[in-house]
Amino acid sequence: MYDKEFLMIPGPTPVPERVLLALAKHPIGHRSKEFSAILRRVEEGLKWVFQTKSDVHIYTSSGTGAMCSAIGNLVNQGDKVLCLIIGNFGKRWAKIAKMRGAEVIELEVPYGKAINPDDLKEILDKDVNKEIKIVTMTHNETSTGVTNPVKELAALIKNHGAISVVDGITSLGALECRMDEWGIDVLISGSQKGFMIPPGLAFLAANDRAFEVHKKCVYPDFYFNWTDYKKNLEKDTTPWTPAVNLIVALDSALEMMKEEGLDNIFARHKENAMLLRQGIKDMGLKLFVEDEKIASYAITAVLPPEGVSVPDIRKTLKEKYDITVANGQNDLKDKIFRMGTLGFVSRRDVLTALASLKETIDELKK
Ligand SMILES: Cc1ncc(COP(=O)(O)O)c(C=O)c1O
């Protein structure tokens with residue numbers, strides 16, 4: 001039905017009416033006092049979500065832009081970068097670092113699993129000459145629905161002395177992630193996920209340790225240059241024309257997030273994901289990630305029942321129930337479908353999705 005679509009993909013996620021109305025405003029000048037005041041407020045809000053005292057840069061790009069910014073401001077040719085890979089998005093760090101001339105070491109586990117901190121410790125312990133400079137990881141691996149134990153992994157990296165770079169694109173604003181307390185050096189995210197606004201903004205926070213490494217970067221990125229962003233933020237502005245309307249929308253979304261409170265946001269994501277997972281199991285379907293300890297509260301991957309195809313499930317859900325769920329990616333294409341409980345999603349939405357999925361499966365099995 002027109003205008004009734006419910007996005008259950010892991011981004012873009014549904015946008016609340018308050019945010020949509022904020023988006024409808026005329027643009028204002030990005031060098032104006034009014035915009036600087038908004039930027040200041042948004043900056044404080046982002047620091048609160050990131051749980052950090054460091055500045056949070058706001059980029060006009062998708063989340064991958066912030067990944068390029070992290071690597072492009074830290075890595076020199078020949079640097080050793082260890083990439084912890086549990087899915088497609090973890091692999092993206094390795095691709096970006098290779099294109100920057102880094103010597104990439106990959107610790108990759110079968111998709112559907114998380115990184116075991118003992119495996120990381122073993123690699124770091126062997127690196128007695130401290131050659132590994134950067135370790136990348138994905139907090140919430142959207143392609144599989146697995147959450148990495150970032151707190152433990154970041155502590156090991158800090159102990160070794162390397163810089164930890166964490167993709168929090170589908171974890172911030174959904175799952176607990178405490179940048180300063182957990183000792184994460186660089187943390188990135190994107191707008192179209194837990195932040196409940198459309199795609200187009202990416203965020204990056206880098207602490208003092210990361211900035212020290214950045215100062216030694218011989219050819220830092222131009223558009224995403226950390227030094228430029230820092231200097232401009234001190235004057236409540238950005239180096240280039242920012243996506244003004246998206247930042248106004250973000251201001252509104254952060255206001256909603258503050259009203260709900262971070263702990264309540266995390267609790268809602270957990271409850272919704274558990275409800276969804278239980279409902280799916282009750283239907284007799286299998287979850288791709290069965291281990292509750294690593295299963296994501298933002299995205300749940302489901303195996304189709306015998307004799308029913310993923311494309312048919314997605315098509316029926318969309319055409320008959322106005323619900324869009326995601327396919328699997330790459331090797332998992334048509335093998336799993338993924339349902340997001342990320343961002344502006346309520347218990348009612350999950351119950352509706354479960355009832356719709358049940359009818360869909362019953363119908364397709366006939
Ligand atoms: C964990 C993760 N990292 C990176 C990305 C890439 O973000 P974007 O598509 O906004 O560039 C995504 C997108 O879904 C993601 O889920």
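**Note on the predicted model**

1. With 16 C-beta neighbours inside 10 Å, Asp322 counts as partly exposed, where a residue is called buried if 20 or more other C-beta atoms lie within 10 Å of its own, exposed if 12 or fewer, and partly exposed in between, the C-beta atoms being placed from the backbone. Asp322 sits in the loop between α12 (310-321) and β13 (323-324), and although Asp322 is not a glycine, its phi is positive, at about 60°. Helices (H or I, at least four residues) and strands (E, at least two) are DSSP runs, numbered from the N terminus.

2. The model is predicted, so that local features need pLDDT of at least 70 and side-chain atom pairs count only at pLDDT 80 or more, whereas totals for chains, interfaces and linings use all residues. Residues are numbered from 1 along each chain as its sequence is written.

3. The mean pLDDT of the protein (the predictor's confidence in each residue, from 0 to 100) is 98, and 100% of its residues reach 70 or more. Confidence is lowest in strand β1 (residues 6-7), with a mean of 95, and highest in strand β8 (residues 163-167), at 99.

4. A positive phi is also found at Asn330, about 45°, although Asn330 is not a glycine. Asn330 belongs to the loop between β14 (326-327) and β15 (337-340), and it counts as exposed because it has 10 C-beta neighbours inside 10 Å. A further backbone feature to check is the cis peptide bond between Gly11 and Pro12, with omega about 0°; Pro12 lies in the loop between β1 and α1 (17-23).

5. The protein is divided into domain 1 (6-13 + 261-365) and domain 2 (17-258), with bounds that come from an automatic or database domain assignment. The centres of the two domains, taken over C-alpha atoms, are separated by 26 Å. Their contact takes 24 residues from domain 1 and 24 residues from domain 2, two residues being in contact if their C-beta atoms, placed from the backbone, lie within 7 Å. On the side of domain 1 that touches domain 2, the elements giving two or more residues are α11 (262-282) and β12 (299-303). By class, that side has 15 nonpolar, eight polar and one charged residues, with Ala, Val, Leu, Ile, Met, Phe, Trp, Tyr, Cys and Pro counted as nonpolar, Asp, Glu, Lys and Arg as charged, and the others, Gly among them, as polar.

6. Leaving aside neighbours within four places in sequence, Leu204 is in contact with residues including Val56, Tyr59, Ala66, Val186 and Ile188.

7. Around the ligand are residues including Pro10, Gly11, Phe89, Thr142, Asp167 and Thr170, each near it in the sense that the C-beta atom, placed from the backbone, lies within 6 Å. This shell has three nonpolar, eight polar and one charged residues. Thr142 lies in the loop between β6 (140-141) and β7 (146-147), and is buried because 28 other C-beta atoms lie within 10 Å. Beyond its neighbours within four places in sequence, Thr142 is in contact with Pro10, Phe89, Thr170 and Ile299.
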